[in-house]
Amino acid sequence: MLYYLFDYLHKALNFPGAGVFQYITFRSALAVIISLSLSTIFGKRIINFLRNQQVGETVRELGLAGQNEKAGTPTMGGLIIIIATLIPVVLLTKLDNIYIILLIVTTLWMGTIGFIDDYIKIFKKDKQGLKGVFKVIGQVGLGLIVGSVLYLHPGVTVRQDAASTYTYKSQNQTEITRMPLEEKSTTTTIPFFKNNEFDYAEVLAWTGEGYEKWAWLIFIPVVIFIITAVSNGANLTDGIDGLAAGTSAISVISLGLFTYVSGNIILSNYLNIMYIPNSGEMTVFIAAFVGALIGFLWYNSYPASVFMGDTGSLTIGGIIAVLAIAVRKELMIPLLCGIFLVENFSVILQVSYFKYTKKRFGEGRRIFLMSPLHHHYQKKGYHESKIVTRFWIVGILLAILSIVTLKLR
């Protein structure tokens, strides 16, 4: 809203200084300041409200050190992240931008699923929360919306060869700049490859002429899978104080760099990467999101004053997935979100191996002392703070490797 106000002041009234709101970098910096302020200053009030409403965590008996001390700690703290993200987004972004609309829908959609899950756990006294099938239905529903919009909306285009932009002089010596046409495409980026663009439609090339019009049969299921996998990965990572919020902030900062360069014709030309018109606006959303996550860490770091609950973790995973897909970096998720991937696989391996050994040997055996992986290290006697710090360090290394892919091919 402030964006439109200052845009009017700049264009209609030529108000001094109003034009600075045209710059994504300025609005991103302002978004960080606002979201960080909201999450730290008003976060305490939200925590007190949750405590007064007796919205406390019910901790399962897992045999972990210090576990019982956490019983009764306010949960649903994801509301802090959601509120602190959406307020600066509404104030500072172009609300008619299709990418911003999708991100707002994702935040509210996944936040609602997580809120329902937390509500059932706390107020209905059902430790299982929302049944898994309904969570998956919600995630698939969001995937269908996001995939369909990205595939069909006319505002979602790419310039696959931004580097071919050139300038020449016409007969009357006037300089004319030619740019590649913007086009609808299901092309994505493959990290570490020189010719690193892959079109999902190519999977159907064997069907013959006109296969491109059936690309949605591949693209939309991929979007559904990624959103479901990443949101569940974030959910599993939220197990000890500060882990999910910290590792997510690291990944999102990296995505912010990708969205900024992909949405900038000059930088995408220089780096020889896919130019995605209007995607740079997501940088402002990311800035607000990072500020909210860091502000939440003020209260979620050990010992936590509040837990994010599924309200926060499912929302975080959904946002990261949609950001990666929108900026055509979804194939980089295993590297960029390596912590989520490892946490997911640790559970899958543990459960699969337990079932296999129980069927074959009559008793279930385990690979890890406990899953997800962070609980394995707790069982080995590592303090929560040490585990979280080391996971953050690994997350930073993975983020650096992801950013390096801009030039390392």
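## Basis

Axes are lines fitted to C-alpha atoms, for helices over the stretch in contact, and angles run from 0 to 180 degrees between N-to-C directions. Helices are DSSP runs of H or I with at least four residues, numbered from the N terminus.

The model is predicted: local features need pLDDT of at least 70, side-chain atom pairs count only at pLDDT 80 or more, and totals for chains, interfaces and linings use all residues. Residues are numbered from 1 along each chain as its sequence is written, and side-chain values use heavy atoms, with hydrogens and water left out.

## H6 against H12

Helix H6 (residues 216–237) packs on helix H12 (residues 338–361) at about 80 degrees, and their axes are 8 Å apart. The two are therefore roughly perpendicular (65 to 115 degrees).

H6 contributes Ala-229, Val-230, Asn-232, Gly-233, Ala-234, Leu-236 and Thr-237 to the contact (heavy atoms within 4.5 Å). H12 contributes Ile-339, Phe-340, Glu-343, Asn-344 and Val-347. By class, the contact has seven nonpolar, four polar and one charged residues. Ala, Val, Leu, Ile, Met, Phe, Trp, Tyr, Cys and Pro count as nonpolar, Asp, Glu, Lys and Arg as charged, and the others, Gly among them, as polar.

## Ser-248

Ser-248 lies in helix H7 (residues 243–262). Its relative accessible area is 1%, so Ser-248 is buried (under 20%, 1.4 Å probe, protein chains only). Ser-248 touches Leu-293, Ile-316, Ile-320 and Phe-340, leaving out residues up to four places away in sequence. Phe-340 is also one of the H12 residues in the contact with H6.

Definitions and conventions:
Parallel < 35°, antiparallel > 145°, perpendicular 65-115°, else oblique. Buried < 20%, exposed > 50% of the residue type's maximum accessible area, 1.4 Å probe, protein only.
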